[in-house]
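Here is a short briefing to read with the model open beside you.

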Amino acid sequence: MMSIAFKEGLKVPPPAMNELILAANQDIRQVLHNLSMWCARDKTLTYDGVKEDASKAKKDIKLGPFDVVRKVFAKGEETSHMSLIDKADLFFHDYSLGPLFVQENYIHVKPAAAGKDLKKELILLSKTADSICDGDLVDRQIRARQNWSLLPTQAIYSSVLPGELMRGYLQEFPSFPSWLGKFSSTGKHDRIVQELSMHMSLRTHASKRAVNLDYLSYLRDAVVSPLVRKGSDGVQNAVAFMDSYCLLKEDVENLMEATSWAGKPSVFSKLDSKVKSAFTRAYNKVAHLTPYSLQLAPKSKR
């Protein structure tokens, strides 16, 4: 850009050119447009004049969540001139997703304030975690009581303070919040336990919480153990136990999923394929009476 200015006979000091480029968000077309417009009246530009004009002609851009979280923790020219309001505005690009990105990525930031002092870095991490927790408490009040006037307060705790404490550079590309996947898995697990507790309610008379804590592992062992010990000869024992607790074949699959650690195969999946086939044939061979309906009731027509 300095060579273009020289060829056009414009006198622009390098610091002024930097301000011009930052104001245009590194858009070369915007930079050339601003140069031609501002130099129409004067071929010489000063740093103060460019800084004042650049603040008025700043390019508005829409940032994605990955760009926002990078800017929250960025250090240098990009954020050195940002006011408190500008930093809080980063939170409002997406006030639902932004805090999750900050929480996921703050541990991957190398804070400039800590330097090479590991103890100071741990202290900054601790303070950042406390601030994020405070922001989560504010978010709970907002969602529970519909008190949306607290959003600026959440912006300070969930975005501004973590950014100030951990300002430095990200050591890797920002990660997508893993909380969203965990939340989805939690919801699925909750639905499975709810369905199992309803199917067994006449035998257990237990709440969903009690089924989750006290019954699931024993039910799994009671169904799988005969198949492990006796093979195909234990199929009838497993089916009889399922009938005694009003469990369906789908309930067994859900039971194995709910009682297995993530990334590890269930006990049922380790059985020999012949045993699993015999178990399926034995279950499908006879009708199983259940105290609940297996089909949704049709909607009445008005």
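**Briefing: cysteines, cavities and aromatic pairs**

The count of disulfides comes to zero, in what is a predicted model. A search of the whole structure turns up two cavities of 30 Å³ or more, and the count of aromatic pairs comes to eight.

**Cysteines**

- With a cut-off of 2.5 Å between cysteine sulfur atoms, zero disulfides are counted.
- Cys-133 has a relative accessibility of 46%, so this residue counts as partly exposed.
- Cys-246 has a relative accessible area of 14% and is therefore buried. You will meet Cys-246 again in the lining of the second largest cavity.

**Annotated region**

- An unreviewed UniProt entry carries the annotation "domain: DNA replication factor RFC1 C-terminal" for residues 132–285.
- In the model, this span of residues 132–285 is 72% helix and 2% strand. Its end C-alpha atoms lie 56 Å apart.

**The largest cavity**

- The largest cavity holds about 50 Å³ of space.
- Its lining is made up of Lys-71, Val-72, Thr-79, Met-82, Lys-87, Leu-90, Ser-159, Val-160, Gly-163 and Arg-167.
- Which helix gives the largest share of the lining of the largest cavity? That is H10, with three residues.
- Sorted by class, the lining of the largest cavity has four nonpolar residues, three polar and three charged.

**The second largest cavity**

- The volume of the second largest cavity is about 30 Å³.
- Around the second largest cavity you will find Asp-243, Cys-246, Leu-247, Leu-248, Tyr-283, His-288, Leu-289 and Thr-290.
- The lining of the second largest cavity divides into five nonpolar residues, two polar and one charged.

**Aromatic pairs**

- Eight aromatic pairs are counted. The ring centres of Phe-101 and Phe-176 are 5.6 Å apart and their planes stand at 90 degrees, so this pair is edge-to-face.
- Phe-101 and Phe-176 link distant parts of the chain, being 75 residues apart. Phe-101 sits in helix H8 (residues 98–105), while Phe-176 belongs to the loop between strand S2 (168–170) and helix H11 (178–199).
- Are these two partners buried or exposed? Phe-101 is buried, because its relative accessibility is 1%, whereas Phe-176, at 47%, counts as partly exposed.
- Why does the pair of Trp-179 and Phe-183 count as stacked? The planes of the two rings are at 15 degrees, with the centres 4.9 Å apart, and planes under 30 degrees apart count as stacked.
- Trp-179 and Phe-183 both belong to helix H11, where four residues, about one turn of the helix, separate their positions.
- Trp-179 has 42% relative accessibility and so counts as partly exposed. Phe-183 has a relative accessible area of 52%, and is exposed because that value is over 50%.
- One aromatic cluster is formed by Phe-66, Phe-101, Phe-173 and Phe-176.

Terms used. Residues numbered from 1 in each chain as written. Predicted model: local features only at pLDDT ≥ 70, side-chain atom pairs only at ≥ 80, totals over all residues. Heavy atoms only, no water. Buried < 20%, exposed > 50% of the residue type's maximum accessible area, 1.4 Å probe, protein only. UniProt positions renumbered as here; feature names shortened; annotations may be inferred. 1 Å grid on protein atoms, 1.4 Å probe; cavity = no way out; pocket = protein on both sides within 12 Å on 5 of 7 lines; lining within 4 Å. Points joined across faces, edges and corners; volume = space filled by probe spheres on them. Nonpolar A, V, L, I, M, F, W, Y, C, P; charged D, E, K, R; others polar. Phe/Tyr/Trp six-rings, centres within 6.5 Å; stacked < 30°, edge-to-face > 60°.
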